[in-house]
Amino acid sequence: MDIGLVLSGGGIRGVAHIGLIKALEEHNIYATHIAGTSAGAIVGALYAGGVPWSEILHFFKVTSIFHTSRFAKGKPGFIDTEKFYDEFKKYLPDDRFEKLPKTLFVTATNIINGELKIFHKGELIRPVLASATFPGVFSPVAINGSYYVDGGVLNNFPVEPLKIYCDKIIGSYVNPLKNIDVKDLKHSYNVVDRAYKLKSAAESMAKFNDCDFVVSPEELSNFATFDMRSIDTIFDIGYQSTKEILKLKKL
């Protein structure tokens with residue numbers, strides 16, 4: 001049976017995907033096809049490459065994002081995304097989608113023409129980096145003459161390619177909406193940010209019915225996008241939440 005795993009974006013909250021993978025494996029559930037965006041693309045690529053969940057977790061812990069050596073020079077962004085290439089090459093030495101033990105789909109947004117690109121063959125690492133390029137923080141990634149940023153801009157829950165190939169689909173969504181109060185909307189940018197989050201969440205949640213079940217712990221809304229100090233807590237939330245759902249669900 002072909003089992004699909006769709007992994008949303010969400011910054012460091014994406015570590016919850018790793019906890020989900022651990023819980024699935026403890027129930028002898030192993031995905032054959034993976035679709036991911038942003039943080040979900042990173043976890044998905046490493047998982048598709050045969051990297052154990054413990055090493056994926058270690059990767060997130062030791063990979064420093066905001067080190068001065070990664071600052072961008074002459075590029076639109078604070079961090080030069082392509083300076084992460086060598087870290088990924090250690091885990092994915094064969095830089096090709098075709099070399100992965102599992103089928104992988106990675107989404108990224110073409111910042112020039114505004115189109116969504118689903119990468120699934122050819123060069124691997126740069127598309128993964130592009131998918132995780134948070135706009136305004138990381139510099140766009142050049143691939144075949146075009147420039148790409150975070151896939152979550154246009155599709156933060158890329159279940160579509162899995163529907164073609166998989167008998168069962170499991171979703172992991174790490175951007176649950178947090179209830180707010182009107183006092184939280186003090187400035188115009190707060191309103192804009194809230195509106196963007198509402199739109200993204202609505203588009204993603206509308207696709208939950210395409211999955212056999214979705215893990216989306218509400219507690220994750222308490223963590224900021226780059227809250228690196230909470231990696232272990234976020235991992236455990238993903239793990240425990242998946243275990244609870246698996247008590248009730250069967251594939």
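**A cavity and a buried serine in a predicted model**

Colleague: How much space lies in the largest cavity?

Modeller: This is a predicted model, where local features need pLDDT of at least 70, side-chain atom pairs count only at pLDDT 80 or more, and totals for chains, interfaces and linings use all residues. Residues are numbered from 1 along each chain as its sequence is written, and side-chain values use heavy atoms, leaving out hydrogens and water. A cavity is a set of points, on a 1 Å grid over the protein atoms alone, where a 1.4 Å probe fits but cannot get out; points are joined across faces, edges and corners, and the volume is the space filled by probe spheres set on them. For the largest cavity that space is about 350 Å³.

Colleague: Which residues are the closest to its centre?

Modeller: Lining residues have an atom within 4 Å of a point, and the largest cavity has 20 of them. Helices α2 (39-48) and α3 (53-62) each supply at least two; helices are DSSP runs of H or I, at least four residues long, numbered from the N terminus. The closest to the centre are I42, F60, I65, A132 and F138.

Colleague: Does S241 count as buried or exposed, and why?

Modeller: S241 lies in helix α8 (residues 231-248). Buried means under 20% relative accessible area and exposed over 50%, with partly exposed in between (1.4 Å probe, protein chains only). Because its relative accessibility is 15%, S241 counts as buried.

Colleague: Which residues does S241 touch?

Modeller: Contact means heavy atoms within 4.5 Å. Not counting residues up to four places away in sequence, S241 touches V215, P217 and E219.

Key:
On a 1 Å grid over the protein atoms alone, a cavity is a set of points where a 1.4 Å probe fits but cannot get out, and a pocket is an open set with protein on both sides within 12 Å along at least five of seven lines; lining residues have an atom within 4 Å of a point.
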